[in-house]
Amino acid sequence: MKEDPTPKDTIPVKRQEKGEPTEEPAMTDKADLPPSYEQVEDSPSGIPPLDLKKYLGSSRTTTVSVDHCIVHLKFLAAIADLRDTVANTDTLFEINDSQAEVFKTQEDQCRALARIKEKRWAVYVARAVDRYITWWNHCVETDGHLPTFTELRDPQKNSMKCDSKMGFQNAMPPLDVMMVWHAHMLNPRAFLEDCIRSAKLPLYKTGFPWEAINSCIDNKNFDYLPGDASREFFERRTGQPWDNLDDSMTKSLHCPRCQKMLPVPWTSGSMSLKLDTAFESCSGYSDNNFSFNCPHCGLCIKYDILKVAKFRKDAEELIHNDRPMPGTIYNPQGIPTPGASREQFFPNYLILAVSQELLRYTDLRLNGKVTMMGLRDLIESKIRDKDVKQLVHQKPRRLLRGEGIAVRQMMSRYWDNSSPFALDLVGAVIRQGTFVQKMDNLDWIHSPALVATMDRLIQKYRIFFDIMATNPRRMAIPTLDVDLAWHTHQLSPQRYFDFSYARTSGTFIDHDDKVEENVLSEAFEWTSLKYKKVTNGQIYSECTCWYCEATRERTLRGTGIFPSSSTSRARTAAANLHSDPTISPDPNKNPHISAHNAIRPTDGGVTYRARLLESQLKANYDKALRRANKRAGRTTKDIPSGKSFDNNAYYYPMVWGYPFFFIPFYAPYMCDPGICMDSYACNPSCMNTANGAFGNCVGGTCGAAVAAGSCADAKNCGGGG
């Protein structure tokens, strides 16, 4: 393997030049507050013995244990090692490091090598998702028959009722399949829907098999070794090899027109000379420009055709077998409510009313050039048709808001998603990769204070969850430590559902898999302010990187001449951060904002909003800088050019091991620059928000964020919320 032409340490660079709401009384008693990270006492190094059978208490009142968080860290370490190995294996999938040698400058070669590594991982993940589908179909137990639309409308039926659980002794799946399952569960509402529609509730009730995972992953090297019995079980049930890399180099795909089985290449991963669109022209199944001509019927198969075929299959299941459409399983609060209102089930009534026209339009034997946009236009026209309204509602009336949300929820299952699941799992795994990398950088798993750190972040997570539960109209953003506990909780789906339902009095809080990056940053500032208030002055993000300093500056302002007690305490705590040797200005070394779900909208206003936020953050950072230097008794002339009081600086991002100098401004809340859309069949880090854009399925329905897979809570929905 060739050596990388640049060092892989984070590179600090010179920083570029260029009223708080009324205080509320603290909601949390002092005794309930988590201790500061710097107060924990060191324990002997190494992972302690774990008790994963210990009863945690009622699922309605307790979250996760320290031991579960530690096992989760072990699993993330195994995934990080897998990601690194796959990305750095030269010639894998015939994607060669030598392709970077055609570029003249060292900087361009670094960029090219980063793109090559990302592409290898993109192909591997697409193969892993395909293997997960096979595991889901052949290894995951079912409970009874597939639910029907009639049963969902019956108030006496409970669609979540299931008395059985899965056993994983000698039946653990391969690590790549586990990785996809992990990402699937971290979209709680989508995972619940898929388990209900596929009658896979035993998997939902079981959740991540923590004890088995702990025994399968070595405590030192984090190798995943579940044993020969698990290997034999997987290979016998699925007919596929245990190792992803031993699987076929072609994808077996049914032609959606003639149903013949076709061997489709996974990738044609040749790199172009344009770095910004290096793999855009690749045409394999995992590629951005997938295209394959069926030799039997002549159909040109593209992803848009596969999405339409998926819709047609689901519509046929509804029409002929009474199976509900995706996106209509639960109400706007995420709860599968027996006998729910007609608004929730409206898309099913609509499709039944116009079934013949929908089936005729999506019949690939009649038209091999149908598109999702054309399907969207057809559904929109039928919603506006007075005769259809009469047929669906028994009397003409306008579309209700709840019905619009339900239609958009249904259509969100097809935009950028041809898989049998409620979301594109390739994108879900890729976005989780950002979080995995940050956990690997923090390296808590090797900390001598591991147990104390896990205990503290669990306590902090409880406060965070209460903030979400008591502010249903606002978006709360976790820090990395809080997100670890939140993710761990979601990996026990039934416990997470029960806890969320109890704490919110009837809402299943989703883990929003896509949040527009500027909205994410603004919501993080609000969360930081709220955390300061409910904890009576504790700091939310204990980090001194420039972004956290800038965000914290706004939360430390008072509204009058004299600051509140929580603001005074927060100012003292913020000042003390700079004298703590465990706190670093390096954004990779502290648990600040968790932004793995940051995405970038494609509407025209994003550039202006991003520049405005950038300007505000810089101004806030300069204020924090001046204040800190004043406290230290230093004047501007005492500080070397480009240096701050802590040598705090902007950091160029490390992208697949290389510093990307070409990015003029980067913040830890922004979309991961290591996710380039041309490497994937569907862009993992982008959504459309403009009216009429791809993804906005029906004019007149709710906000675009629902089409992108985010929460469709009626309280939060309405134009992208």
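User: How much space lies in the largest cavity?
Analyst: In this predicted model, the largest cavity holds about 110 Å³ of space.

User: Which residues are closest to its centre?
Analyst: The lining of the largest cavity has 13 residues, and those closest to the centre are Ser528, Ile539, Tyr540, Arg552 and Thr555.

User: Which elements give two or more residues to that lining?
Analyst: Helix H19 (517-534) and helix H20 (546-555) do. The largest share is that of H20, with 4 residues.

User: And how do the lining residues divide by class?
Analyst: The lining of the largest cavity has 6 nonpolar, 5 polar and 2 charged residues.

User: What volume does the second largest cavity have?
Analyst: The second largest cavity has about 80 Å³. Its lining includes Phe75, Ile79, Trp121, His182 and Gln432. At least two lining residues come from each of helix H1 (66-87), helix H4 (175-185) and helix H15 (425-442). By class, 8 are nonpolar, 3 polar and 1 charged.

User: Turning to packing, at what angle do H1 and H16 cross?
Analyst: The axes of H1 and helix H16 (residues 450-470) cross at roughly 110 degrees and come within 9 Å. The two helices are therefore roughly perpendicular to each other, as angles of 65 to 115 degrees count as such.

User: Is that crossing left-handed or right-handed?
Analyst: The crossing of H1 and H16 is right-handed.

User: Which residues make the contact?
Analyst: H1 contributes Val66, Cys69, Ile70 and Leu73, while H16 contributes Leu450, Val451, Met454, Asp455, Leu457 and Ile458. The contact of H1 with H16 has 9 nonpolar residues, no polar ones and 1 charged.

Technical notes. Residues numbered from 1 in each chain as written. Predicted model: local features only at pLDDT ≥ 70, side-chain atom pairs only at ≥ 80, totals over all residues. Heavy atoms only, no water. 1 Å grid on protein atoms, 1.4 Å probe; cavity = no way out; pocket = protein on both sides within 12 Å on 5 of 7 lines; lining within 4 Å. Points joined across faces, edges and corners; volume = space filled by probe spheres on them. Nonpolar A, V, L, I, M, F, W, Y, C, P; charged D, E, K, R; others polar. Axes fitted to C-alpha atoms, helices over the stretch in contact; angles between N-to-C directions. Parallel < 35°, antiparallel > 145°, perpendicular 65-115°, else oblique. Left-handed = near helix turned anticlockwise from the far one by under 90°. Contact = heavy atoms within 4.5 Å.
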